[in-house]
Amino acid sequence: MLADELAESRVYRELADRRQGVEREILLELAEAEQRHAGHWRKLLGPEAKPRGATLRMRTLALLARWFGWIFVLALVQRAENRSSYGSEENATAAMEADERVHGEVVRALAARGRARMSGTLRAAVFGVNDGLVSNFALVLGVIGGGATTTVVLLTGLSGLLAGALSMAAGEYVSVSSQRELLAAARPDERTHGFVAHLDVNANELALVYRARGLSAEEAERSAAAVLRNSAGGLPTAEGDGAAGEAVGSAAGAASSSFVAFAVGALLPVVPFLLGLHGLGAVFVAGALSGAALLLTGAVVGVLSGGAPSSRALRQLAIGVAAAGSTYLLGTAFGVLTGG
């Protein structure tokens, strides 16, 4: 227990070294809280006690905190805090168990802030890798099933890579740009703020602005009256505009992330053919690479979403296998029908 608390404190300090402002302050306070818990175990063990090595889970978290992105590590720390064993540990106090639960919520909120900032690029990257793997592996197996030569398979795979990556990048750019434009159109016109002071106090439609934003008639009247009493006040903003804009992300960032991710994913099924392999050997290598990548992608999504990585990994693999198997059967049937 002592070793784990010290290791968890180091994790928070490692993460704090990579952040600034309020996030750094919060992480440092969490580190101090873990030191407080460590003090409890030191007191029980006595001054001569030396902590043995922390559990493998905590040592791994400390290593990841030093070398990898902080959102990924925060998601793992969140799961660690939620799995605290203090509820069944007779030497732990009720306050310590409550602390760990609160720490889990603090980490959950920090992770949510980070996910909101990177969600557009992260979404494009995850979808890009998955789409590249599934679509190109399915495409390659489809033409193999139809009896295509290695040259045709290679050309098909590389063409699918380039066409798919360009399509994904263009689609992400248009999608994110359109979404940001829609959000911008929903924001109040800044020029209107300056006219609020000139409204007739006894006859105006300012309350309707609030009602259109979702407030009840009574709440809208109170808000409008408050703004009119303070001529420096302005019109209400659309709720969540700032957060929504962060969540959408950059159109160029989403497009480039999607292009690179799709290209990487789509390249894996083609690698054996680029290396000169052919026949069933190439298919098995391509399948192994694609399957491992699908498992990894699913696990990463599971970790970042705060869920179990194993179930997400198996789900991704099942989807990829189903798609690839379907196109292989289609290609085989086509080859039989055409005599290929």
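This report describes selected helices, cores and residue pairs of one predicted model.

## Basis of the description

Residues are numbered from 1 along each chain as its sequence is written, and side-chain values use heavy atoms, with hydrogens and water left out. Because the model is predicted, local features need pLDDT of at least 70 and side-chain atom pairs count only at pLDDT 80 or more, while totals for chains, interfaces and linings use all residues.

## Nonpolar cores

A nonpolar core is a set of buried Ala, Val, Leu, Ile, Met, Phe, Trp, Tyr and Cys residues joined through side-chain atoms within 4.5 Å. Buried means under 20% relative accessible area, exposed over 50%, and partly exposed in between, with a 1.4 Å probe and protein chains only. The largest nonpolar core has 13 residues, and Tyr12, Leu15, Leu27, Leu74, Val77 and Val107 have the most contacts inside it.

At least two residues of this core come from each of helices H1 (2-16), H2 (21-45), H4 (70-82) and H5 (94-145). Helices (H or I, at least four residues) are DSSP runs, numbered from the N terminus. H1 gives the largest share, four residues. Another core, of seven residues, lies apart from this one and includes Leu2, Leu6, Trp41 and Ala92.

## The aromatic pair

Rings of Phe, Tyr and Trp (its six-membered ring) pair if their centres lie within 6.5 Å; planes under 30 degrees apart count as stacked, over 60 as edge-to-face and the rest as tilted. The whole structure holds one such pair. The ring centres of tryptophan 41 and tyrosine 86 are 5.9 Å apart and the planes stand at 45°, so the pair is tilted.

Tryptophan 41 belongs to helix H2 and tyrosine 86 to the loop between H4 and H5, so that the pair links distant parts of the chain, 45 residues apart. Both tryptophan 41 and tyrosine 86 are buried.

## Two residues of helix H6

Alanine 169 is located in helix H6 (residues 150-186). This alanine 169 counts as buried because its relative accessibility is 13%. Beyond its neighbours within four places in sequence, alanine 169 is in contact (heavy atoms within 4.5 Å) with Ala255, Ser258 and Phe259. Its C-alpha atom is separated by 8.8 Å from that of alanine 252, 83 residues apart along the chain.

Arginine 180 also has its place in helix H6. With 36% relative accessibility, arginine 180 counts as partly exposed. Between arginine 180 and alanine 251 the C-alpha distance is 8.5 Å, although they are 71 residues apart in sequence.
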